[in-house]
Amino acid sequence: MKILIACDSYKGCMTSKEVADHMKNAIYRVDPAIQVYTYTMADGGEGTAAAFCDACNGEMVTCETSDAYGKKMQASYALIDDGKTAVIEVAASVGLTMTPREKRNPMAASSFGVGTMLLDAQKRGCKRIIVGLGGSCTNDGGMGLLQSLGARFYDSSHKYLSPQAMNLGKIRYIDFHRLNTLDDIELIVACDVTNHLLGEQGATYTFGRQKGLYPNQLERVDQSMHNYRDQIKRYRKVDLDAFEGGGAAGGIGAVLIGLLHAKMYPGIELLLANCTLAKEAKNCDLIITGEGQSDAQTMFGKVPAGVAKIAKEEGKPIICISGALGLGHEQLYDLGFVGIFSIADRAMTFQQALASAPQKLEAATFSIVHMFHYLSR
């Protein structure tokens, strides 16, 4: 018997590789003779660089950058294609999980560090950069990224403004003369959302609360983002609200697509085009995928949906084992899943769930694969 494991990370709990390792341990307990092939997966969020690195036999490199609050740090990204392509994830420098929930301050957070990583890849001679937009803690419209590339922002008194969400509404003048537009690099955005920058379906209203904005702040921050859009349009003749995916990563998507001319693709599709999963699926008996929580949103560009597409094309049974199941997860059966499971087996706090997840993942995998193994004899 041959089983393929291709799971996303369980965000804030286990990486994709850790999830696969625990599943593999459980499968070998069922039968050590089972052949198990594991794939590191991601859809543009945390773990995207590592997934591409594994799939393409690349290398991870580090650079000095800054986190969302200006603290100096080392961040990693992947080099593939003999160093011609860099794979950068915004979560490596401004990741949501890098700061405890009670200390998050999206009004002060800046995307400056993301631009620093782009510049590092340019200095290394990369001709192509893939940017994974998932998992950011910023809502500055990409203002910080633009400043790191040379732009400067000023208020009505020509006073310099630091690149933070709290200053979006104060912008009246922008100096783009020293902007490095990375014209020598092909930019690709790996993203699974289609939200625009502004409005009730935009960056602030859709993702602001999970980043720490209070409900009574959303309207004011979105209005400030309108001003930011208007000022950039005045200087560059580009409407940052015009692009699908522009609301990703607190507006970083809009800057990459609108001002730096990046092309956007679903992250899982980019990864699957660069790994051997589809080839190995032709001769397997079962595919297992999963993620931190599966719900109706999983259907739209998440790892399990991408893996299910391959399983369906090859006519292979596929099951999903996730940390939790949310509203609408039943819709995933339409993608071809033969079983969708949660590792949660009783009521518990979130912290208890995180702590016990590895053991519960192995227990659930053992039970499910044991049944499949028995029925396939």
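**Figure 1. Ala6 and Tyr39 stand opposite each other in the pairing of strands S1 and S2.** In this predicted model, Ala6 faces Tyr39 of S2. Strand S1 (residues 2-7) pairs with S2 in the parallel sense, and the pairing runs over six bridges.

**Figure 2. Five strands form an open sheet with parallel pairing.** The strand order is S2-S1-S11-S13-S15. Strand S2 (35-40) and S15 are the edge strands; each has a single partner strand, so one side of each is left without a neighbour in the sheet. On average, neighbouring strands of this sheet are turned by 20° against each other, direction ignored. Helix H1 (residues 16-30) packs on the sheet and touches S1, S2, S11 and S13. The direction of helix H1 makes about 155° with that of S1.

**Figure 3. Strand S13 (residues 318-322) is largely enclosed by the rest of the structure.** Five of the five residues of S13 are buried, which is why the strand counts as largely enclosed. Ile318, Cys320 and Ser322 point one way from S13, whereas Ile319 and Ile321 point the other way, and all are buried. Strand S11 (residues 286-289) runs parallel to S13 and is joined to S13 by three bridges. Within this pairing, Thr289 has Cys320 of S13 as its bridge partner. Strand S15 (residues 339-342) also runs parallel to S13, and four bridges join the two. Here Ser322 stands opposite Ser342 in S15.

**Figure 4. An open sheet of six strands has mixed pairing.** The order of the strands is S3-S4-S5-S6-S9-S10. At the edges stand strand S3 (59-66) and strand S10 (263-265), each with a single partner strand, so one side of each is left without a neighbour in the sheet. From one strand to the next, the twist averages 30°. S3 pairs with strand S4 (residues 72-80) in the antiparallel sense, over eight bridges. In this pairing the bridge partner of Ser66 is Lys72 in S4. Helix H4 (residues 112-123) packs on the sheet, with contacts to S3, S4, strand S5 (85-89) and strand S6 (128-132). The direction of helix H4 makes about 130° with that of S3.

**Figure 5. Asp81 and Arg128 form a salt bridge.** The closest N and O atoms of the pair are 3.9 Å apart, inside the 4 Å limit for a salt bridge. Asp81 lies in the loop between S4 and S5 and Arg128 in strand S6, so the pair ties together parts that are 47 residues apart in sequence. Asp81 has 36% relative accessibility and therefore counts as partly exposed. Arg128, at 23% relative accessibility, also counts as partly exposed.

**Figure 6. Lys282 and Glu314 meet in a salt bridge through their side chains.** The distance from N to O is 3.2 Å. The pair links distant parts of the chain, 32 residues apart: Lys282 is in the loop between helix H10 (277-281) and S11, and Glu314 is in helix H11 (residues 303-314). Lys282 has a relative accessible area of 47% and is therefore partly exposed. Glu314 is partly exposed as well, with a relative accessible area of 25%. Elsewhere, salt bridges that share partners join Asp81, Arg128 and Glu186 into one network.

**Figure 7. Arg229 forms a salt bridge with Asp230.** The closest N and O atoms of this pair are 2.7 Å apart. Arg229 is buried, with a relative accessible area of 15%; the cut-off for buried is under 20%. Asp230, at 38% relative accessibility, counts as partly exposed. The count of salt bridges in the model comes to ten.

**Figure 8. Met371, Tyr374 and Leu375 make a nonpolar surface patch.** The area of the patch is about 360 Å². Tyr374 is found in helix H12 (residues 350-375). At 51% relative accessibility, Tyr374 counts as exposed, because the cut-off for exposed is over 50%.

Technical notes. Residues numbered from 1 in each chain as written. Predicted model: local features only at pLDDT ≥ 70, side-chain atom pairs only at ≥ 80, totals over all residues. Heavy atoms only, no water. Patch = residues over 30% accessible without salt bridge, like charges linked within 9 Å, V, L, I, M, F, W, Y side chains within 5 Å. Areas by Shrake-Rupley, 256 points an atom, 1.4 Å probe, with all protein chains shown as cover. Buried < 20%, exposed > 50% of the residue type's maximum accessible area, 1.4 Å probe, protein only. Pairing = 2+ DSSP bridges. Axes fitted to C-alpha atoms, helices over the stretch in contact; angles between N-to-C directions. Contact = heavy atoms within 4.5 Å.
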